[in-house]
Amino acid sequence: MGETVIPEERLRVFISSAQSNENGFAWSDVRRRIKECLSACPYLNPFIIEDNPSTTPSLQFFQSQLRKADLTVLLVKGEVRKGTAVEYAQATKWKKPLLIYFLKDDHPDLDVIKLKRELQTTDYCTYREVDNFDNIAPMVRNDVIEDVIRWFQDKPYILEAYNHKEDSGTALILEEQVSSKSGVPEITAISLFSSSYEYLLDLLGTRYLKRNQNSAISELGDLGNELLEWLVNGKPLQCDDKILNLLEKSTSLYASTDWLEKRWDAIRCCVNGNLDKALEYEREALRLSKNDKMPSWITTDILIDCRNMEIDCAKAKGKRLIEGPAQKELNELDSIVYLPVLDRYKSNIYSTIAKEKFKISTASRYTTIYGNSINEVLSDTCNYLFSAALYGSYTHLLIARKILIYVLCEYFDILNDVALIQKCVSLYILQGDVKELELFVQKNWDTVYSLVTTEADALWKLAKRTPIVNQSAMQQAVLKILGLYFSDDTFQEAEEFILSRADQIYWGNSQEYLGCIKKNLIRLNQDKVVTVLINIISQKRYIRGKDITNIIWTLDLNKISKGNILALRDALDQSLATIVENGGSPQIIACLVRFDPAVFGCLESKENNGLTGIEEKLYKINMGGDAWEAILQDEITQAQNHFSAYNSDGVYAAFASDPYAMIGYISRKASDTNAQAICNILSEKFVPLAVQVLNSHVAVPTKESCANALCDVVALFIQHNISFPSTLIDSLRDIDTTQGYDFVQYKSRAMLEIRIFMAKLMVGLLGKESLLTWCVEYNKRSLNERVGLAECIEKYLYYHKGETADALILSIVFQCADDESDEIRRIAYQTLSYLLDSNAKSLVENRIYQAMTDPSSSVRNKILSLCEKGLFEYDMARSIVEALTTDSNYAIRIRALAVKNDMGHPES
């Protein structure tokens with residue numbers, strides 16, 4: 001066979017793509033493969049710039065080659081680079097035949113979407129979308145040859161069409177510069193979103209607020225709806241055509257929109273979790289804004305986005321950025337940072353709400369208030385969001401969500417619409433601030449309980465829409481709060497997530513991680529948890545020792561494999577001293593030694609294991625010994641030393657471990673066998689100390705702790721019919737609670753007065769009628785004061801079981817059972833159990849049954865505990881336990897089933 005004859009005239013094919021690599025994709029290799037494949041055809045003469053060095057500048061050189069070409073092949077992936085855009089513009093300007101190939105990309109730039117839209121609009125040529133470029137070379141060769149054939153077959157029709165086709169230009173690079181514009185959105189610009197305001201009410205579940213039921217879609221109404229769905233439900237912004245529509249409308253606002261397009265590319269990348277690419281786009285927007293001499297406030301806002309993205313990029317890599325390039329540039333600004341229109345809308349929102357609350361708070365009882373301003377405020381919230389969209393400001397899009405949360409919380413207080421406060425849970429999740437979510441749910445648990453427990457699985461999925469930089473932390477927080485309410489399938493997914501996250505844990509985030517493990521331990525695979533725990537202990541990736549010991553306390557060691565038991569022993573053998581030094585309890589040694597003395601016995605004699613002083617005595621008690629008297633004497637000595645050191649005005653030193661709390665605990669736990677010995681110690685040493693403390697100038701918090709212990713001591717004397725020391729009676733009669741300084745709110749002077757009042761009541765210095773003042777003013781008192789009163793009433797009734805129920809005391813206990821604090825409700829139900837043998841039995845039983853549906857799991861657990869201890873009659877206990885076996889909380893269900901199985905029958 002002879003050599004191939006190369007024709008004198010060949011079809012010149014210009015191969016165009018991005019010059020450099022694109023996110024690891026090597027364009028030069030693709031161009032090379034296409035050239036080699038086309039070169040195999042003797043009638044084709046392909047051109048790629050790599051094979052043609054020239055003394056001419058590259059821009060002019062490839063433009064001249066493009067002009068000489070008979071056909072241009074354009075290759076595009078996720079970006080339209082500047083060179084590619086110029087080549088496309090020149091090819092269309094000179095009416096060059098084009099073959100365009102789009103490689104599939106998950107998150108293409110807006111320029112790519114814009115190019116496709118322009119091809120569809122101008123109908124300059126068709127294009128092909130391909131999943132990969134594996135076979136791109138033969139594909140291009142065949143398409144070139146087939147296109148040439150079609151050209152000659154359809155030549156008459158094509159020539160006629162070209163002669164009549166107008167030059168549409170290109171939207172990519174040939175936009176004409178218009179006169180300078182302010183860039184401040186006017187009412188007409190915001191009104192482009194006008195049809196979306198009512199849609200927000202649909203998303204919030206407040207359709208009753210709608211005024212216009214049927215409104216036509218405004219010019220940017222579709223994008224407005226997408227933005228609102230992202231704002232309220234976290235829906236990804238998969239609306240490229242609608243964003244391009246926004247950019248087109250923005251040409252009336254700005255002299256150039258190139259910077260705005262890049263900002264929207266950055267927004268899309270942030271929403272999709274590509275932070276590095278987002279920062280790259282935002283920096284390009286900054287450069288374009290400066291080049292186009294945009295107003296300073298636009299450039300400043302872009303700088304703020306750059307600053308925030310720099311911080312997020314560093315955080316995503318596990319680093320902390322103190323001051324990045326954008327922040328340094330912001331620091332050098334002389335002007336005040338502001339954003340026109342947005343600041344005004346925010347101001348309107350806050351002032352409108354303030355005026356509405358003032359109007360309500362100052363209204364007389366004769367005033368009738370018609371209507372409210374929630375529609376106006378929500379409209380301004382929408383305007384804030386839409387203005388942020390017109391600026392392309394990702395930071396302010398996020399701030400719009402914070403503003404919406406604020407609005408809903410405030411109008412919940414005004415309108416008492418539960419739907420508003422419940423929606424805030426999902427908004428806090430989408431916002432990504434873990435601490436704010438936890439505080440919000442903790443404060444409003446009773447209100448949001450029904451929603452979050454029934455929608456627990458949906459909220460777990462919603463956490464995956466949190467901004468990527470906070471996503472793992474938010475998923476962990478949702479698991480911590482709601483894990484026990486997940487379905488089995490969802491919890492299995494969550495378990496895989498939390499255990500796989502272990503490698504990312506270090507001292508800075510260990511507290512939250514270990515807290516999540518502890519909260520869900522009953523439902524987790526405990527052997528896998530121990531594997532995780534061993535690694536964290538061995539590598540010292542924790543900050544608080546008590547987080548480690550709290551988990552070990554709760555473990556069911558029978559569910560741990562022998563290998564992990566030994567590995568846990570070895571880890572503790574090496575690190576126990578560090579754990580205890582950082583606040584861990586050495587009493588876990590007792591728990592472990594009781595389980596397997598042969599394996600864990602070595603920890604008893606370990607140096608610096610924390611078993612010294614009172615801890616050593618508590619260890620002996622935990623191991624079955626009886627050293628309460630010795631501990632009591634030590635605690636009284638510690639309290640005496642503290643009093644001697646700090647008995648002066650204006651001085652307060654808090655206890656690392658409150659001795660008065662232990663004194664009260666020992667008094668409460670005293671048994672018939674050791675009660676006399678304990679009372680002797682209390683009479684001889686504690687009562688004189690208490691008399692001194694309560695009549696001294698020592699700080700009020702110390703007095704409050706002492707008085708709290710004194711109530712337990714007095715109760716112990718009453719229970720065992722032991723006479724009170726005369727010094728105690730005289731001291732209580734003459735005590736002056738005005739001495740000493742307040743230092744901390746939770747141990748206030750009012751708390752001290754409550755304790756002293758109860759002690760006087762218990763020793764007979766006051767009658768029950770004196771409780772009337774506390775009963776009448778109960779709802780006016782602070783949380784700490786109400787807790788103190790509930791504790792005192794509980795102590796009083798503990799030692800007066802079976803007596804006739806006093807209507808006044810019963811009234812206070814029932815108020816406590818209705819309190820907004822689950823801590824107080826828990827105390828109240830404990831107290832009510834003492835009244836089941838009284839004349840108010842029927843009333844008390846009905847109130848206790850209500851605890852089965854209490855929103856707080858701690859209250860339901862308390863009721864279950866009372867059933868377990870046999871404090872209720874069999875039928876009542878059986879009914880409560882049976883109901884709790886179907887509780888929404890996994891831990892309560894499991895515990896209730898265990899209690900039910902242990903209950904047997906009444907005769908047994």
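Visitor: Which residues of H41 are buried?
Guide: This is a predicted model, so what follows is computed from predicted coordinates. In H41 the buried residues are Val859, Arg860, Lys862, Ile863, Leu864, Ser865, Leu866 and Cys867.

Visitor: What covers them?
Guide: The cover over the buried residues of H41 includes helix H19 (434–454), helix H39 (822–832), helix H40 (841–849), helix H42 (874–884) and helix H43 (890–903).

Visitor: How far apart are the ends of H41?
Guide: The end C-alpha atoms of H41 (residues 857–868) are 16 Å apart. That agrees with the 16 Å its 12 residues should span at 1.5 Å a residue.

Visitor: And what follows H41?
Guide: Glycine 870 does, with a positive phi near 75°.

Visitor: Back to H40. Where does valine 844 sit, buried or exposed?
Guide: Valine 844 is found in H40. The residue is buried, because its relative accessible area is 0% and the cut-off for buried is under 20%.

Visitor: What does valine 844 touch?
Guide: Leaving out residues up to four places away in sequence, valine 844 touches Leu810, Phe814, Leu832, Leu835 and Leu836.

Visitor: How far is valine 844 from glutamine 19?
Guide: From C-alpha to C-alpha they are 82 Å apart in space, and in sequence they are 825 residues apart.

Visitor: Let's switch to H30. Which of its residues are buried?
Guide: Trp628, Ile631, Leu632, Glu635, Ile636, Ala639, His642 and Phe643 are buried in H30. They are on the same side of H30, because they cover an arc of only 135° around the axis.

Visitor: Why would residues apart in sequence point the same way?
Guide: An α-helix has 3.6 residues a turn, so residues three or four places apart point the same way.

Visitor: What is on the face of H30 turned away from the buried side?
Guide: That face carries the exposed residues Asn641, Ser644 and Ala645. On the buried side, the cover includes helix H29 (614–622), helix H31 (659–669), helix H32 (675–694) and helix H33 (700–719).

Visitor: What about helix pairs? At what angle do H23 and H25 pack?
Guide: Helix H23 (residues 510–519) and helix H25 (residues 545–554) pack at about 10°, and their axes are 10 Å apart. That makes the two helices roughly parallel. H23 brings Gln511, Leu514, Ile517 and Lys518 to the contact, and H25 brings Asp547, Ile548, Asn550, Ile551 and Thr554. By class, four of these residues are nonpolar, three polar and two charged.

Visitor: At what angle do H9 and H18 cross?
Guide: The axes of helix H9 (residues 221–233) and helix H18 (residues 418–431) cross at roughly 95° and come within 7 Å. The two are therefore roughly perpendicular to each other. Trp230, Leu231, Val232 and Asn233 of H9 make the contact with Lys423, Ser426, Leu427 and Leu430 of H18. Five nonpolar, two polar and one charged residues take part.

Visitor: And how do H13 and H17 cross?
Guide: Roughly at 75°, with the axes of helix H13 (residues 296–316) and helix H17 (residues 394–415) coming within 8 Å. H13 and H17 are therefore roughly perpendicular too. In this contact Asp301, Ile304, Asp305, Asn308 and Met309 of H13 meet Tyr394, Thr395 and His396 of H17.

Visitor: New topic: lysine 277. Buried or exposed?
Guide: Lysine 277 is buried, with a relative accessible area of 8%. Its place is in helix H12 (residues 275–291).

Visitor: Where is lysine 293?
Guide: Lysine 293 is in the loop between H12 and H13. Its relative accessible area is 73%, and it is exposed. Its phi is positive, near 55°, in a residue other than glycine.

Visitor: Last one. Where is asparagine 721?
Guide: Asparagine 721 lies in the loop between H33 and helix H34 (726–734). Asparagine 721 counts as exposed at 72% relative accessibility, and its phi is positive, about 55°, although it is not a glycine. Most residues other than glycine have a negative phi.

Notes. Residues are numbered from 1 along each chain as its sequence is written. This is a predicted model: local features need pLDDT of at least 70, side-chain atom pairs count only at pLDDT 80 or more; totals for chains, interfaces and linings use all residues. Side-chain values use heavy atoms; hydrogens and water are left out. Axes are lines fitted to C-alpha atoms, for helices over the stretch in contact, and angles run from 0 to 180 degrees between N-to-C directions. Helices (H or I, at least four residues) and strands (E, at least two) are DSSP runs, numbered from the N terminus. Angles under 35 degrees count as roughly parallel, over 145 as roughly antiparallel, 65 to 115 as roughly perpendicular and the rest as oblique. Contact means heavy atoms within 4.5 Å. Ala, Val, Leu, Ile, Met, Phe, Trp, Tyr, Cys and Pro count as nonpolar, Asp, Glu, Lys and Arg as charged, and the others, Gly among them, as polar. Buried means under 20% relative accessible area, exposed over 50%, partly exposed in between (1.4 Å probe, protein chains only). The arc is that of the directions from the helix axis to the C-beta atoms. The expected span of a helix is 1.5 Å times one less than its number of residues.
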